[in-house]
Amino acid sequence: MAIKFGVAGSGSWATALVKILTDNGHKVNWCLRNDTTIGFIKQRHHNPKHLTAAILNTQSLHLTTDLASVADKSDVLILATPSAYIGTTLAELPPTAFKNKKILSAIKGILPEANMLVNEYLQQHFEVPLQNYFAVLGPCHAEEVAAEKLSYLTFSGIDESMALKIAEHFKSPFINTVVNTDILGVQYASVLKNIYALGAGIAHGLDYGDNFQSVYIANSADEMAGFLRKLGAEHIVVGEHTDTASPEKKYANYSASVYLGDLLVTCYSLHSRNRTFGNMIGKGYSVQATQLELRMVAEGYNASKCIYSINKSVGAEMPIATTIYRMLWEGLSPAKGFEEIEAFLI
């Protein structure tokens, strides 16, 4: 039986996922922010503000501003809003809105102030069990999906068979899919890579070159692995792929796309919002001026504060992430911050 998909979100990543599904022949219930955007898409067949080059098959879309109806009509609801807005997006829904539904999070962030992953928020407010929760992650920039450049998506969930079923609907000539069961580890990796990418942007804005960036990113990867190991993530060791429970099966280790791959592309790519945000900070813009200039959400900004707080209990060694937090939230100058970072890179 075909899965009925719903999507909540109006941005680039939501639009990219809608394109993948409709190109594959699926009908999608899509909840958008306002009727003006809905009218534009119906008439012009593309999102007026995000991924404007992506042509959408509107005959396969049911467009609405009513999230409750989208959730009701869908077997799998894809959440693709910035993490900072997930609370307000879901605020009007009753606690039973997601009963017996599968939730696929496309949110690469953590809820500010609450310091929660999306699955923790959904468990607390909507009683969504972890068994019904999945995440779709990169490395995958929405712009390259729109251009139909070959990309890899990772679908993670503790219910591996259901993750495989969901992933099948996204396969296409330009989308390869990978399934992963490390649902907490991959989410924290997606949070951390945004912080390190923001730092890479700051370094670029300060005119550090590629030689330094390679050292910075290698050390960031090591720091991220240490945090994930402290949380209990498995399969962190690079070069080992054997599953002791199923020796014939090859598992993805830390060098896989969803961990190291996503970190690399987010730090290096010109499509990266976090790198762009950091670049402006490095060039002397304030956080507030950068937000106004870019008119977009860089998840790494709020994530740096969240991880700084969470790590007080985790206890991982995180001098890079801590210094980025201090530059963004405590007034440490970018130049001074990277002088400090230089001293402990190896």
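Analyst: Cys-306 has a relative accessible area of 2% in this predicted model, and because the limit for a buried residue is under 20%, Cys-306 counts as buried. Which cysteine sulfur is closest to that of Cys-306? The closest is the sulfur of Cys-267, at 19 Å, and this is too far for a bond. A disulfide is a covalent bond between the sulfur atoms of two cysteines. A search of the whole structure returns 0 disulfides. Cys-267 is likewise in no disulfide, and the cysteine sulfur nearest to that of Cys-267 belongs to Cys-140, 17 Å away. With a relative accessibility of 2%, Cys-267 counts as buried.

The next stop is helix H13, which spans residues 299-314 and contains Asn-311. The relative accessible area of Asn-311 is 12%, so Asn-311 is buried. When neighbours within four places in sequence are left aside, Asn-311 is in contact with Phe-227, Ala-316 and Met-318.

H13 also takes part in the surroundings of another helix, H11. Helix H11 covers residues 273-282 and is mostly covered, with 8 of its 10 residues buried. The buried residues of H11 are Asn-274, Arg-275, Phe-277, Gly-278, Asn-279, Met-280, Ile-281 and Gly-282. What do these buried residues pack against? Their partners are helix H8 (183-205), helix H10 (257-268), helix H12 (287-294), H13, helix H14 (319-329) and H15. After H11 comes Gly-284, which has a positive phi near 110 degrees.

The structure holds 13 aromatic pairs. A pair of aromatic rings is described by the distance of the centres and the angle of the planes. For Tyr-216 and Phe-338, the ring centres are 5.9 Å apart and the planes meet at 45 degrees, so this pair is tilted. Tyr-216 belongs to helix H9 (residues 210-231) and Phe-338 to helix H15 (residues 334-344), so their pairing ties together parts that lie 122 residues apart in sequence. Tyr-216 has a relative accessibility of 0% and counts as buried. Phe-338, also at 0%, counts as buried too. Ring pairs join Tyr-208, Phe-212, Tyr-216 and Phe-338 into a cluster.

Elsewhere, the chain forms a sheet. This is an open sheet of 8 strands with mixed pairing, in the order E3-E2-E1-E4-E5-E6-E7-E8. Strand E3 (61-64) and strand E8 (175-180) are at the edges and have a single partner strand each, so one side of each has no neighbour in the sheet. From one strand to the next, the twist averages 20 degrees. Strands of a sheet pair through backbone hydrogen bonds, either parallel or antiparallel. Strand E2 (residues 28-31) pairs with E3 in the parallel sense over 4 bridges. Within this part of the sheet, Cys-31 has Thr-64 of E3 as its bridge partner.

Helix H1 (residues 12-23) packs on the sheet. H1 touches strand E1 (5-8), E2, E3, strand E4 (76-79), strand E6 (133-137), strand E7 (151-156) and E8. The direction of H1 makes about 165 degrees with that of E2. Trp-13 has a charged neighbour: the charged end of Lys-108 sits over the ring of Trp-13, 4.8 Å from the ring centre.

Strand E6 is buried in 5 of its 5 residues, so E6 is largely enclosed by the rest of the structure. Which residues cover each of its faces? Tyr-133, Ala-135 and Leu-137 are on one side of E6, Phe-134 and Val-136 are on the other, and all of them are buried. Strand E5 (residues 102-105) pairs with E6 in the parallel sense over 3 bridges. Ile-103 stands opposite Tyr-133 of E6.

A last point concerns Glu-160, in helix H7 (residues 160-168). Glu-160 is at 29% relative accessibility and so counts as partly exposed.

Methods. Residues numbered from 1 in each chain as written. Predicted model: local features only at pLDDT ≥ 70, side-chain atom pairs only at ≥ 80, totals over all residues. Heavy atoms only, no water. Phe/Tyr/Trp six-rings, centres within 6.5 Å; stacked < 30°, edge-to-face > 60°. Helix = DSSP H or I, 4+ residues; strand = E, 2+ residues; numbered from the N terminus. Buried < 20%, exposed > 50% of the residue type's maximum accessible area, 1.4 Å probe, protein only. Lys NZ or Arg CZ within 6 Å of the ring centre and 35° of its normal. Disulfide = S-S within 2.5 Å. Pairing = 2+ DSSP bridges. Axes fitted to C-alpha atoms, helices over the stretch in contact; angles between N-to-C directions. Contact = heavy atoms within 4.5 Å.
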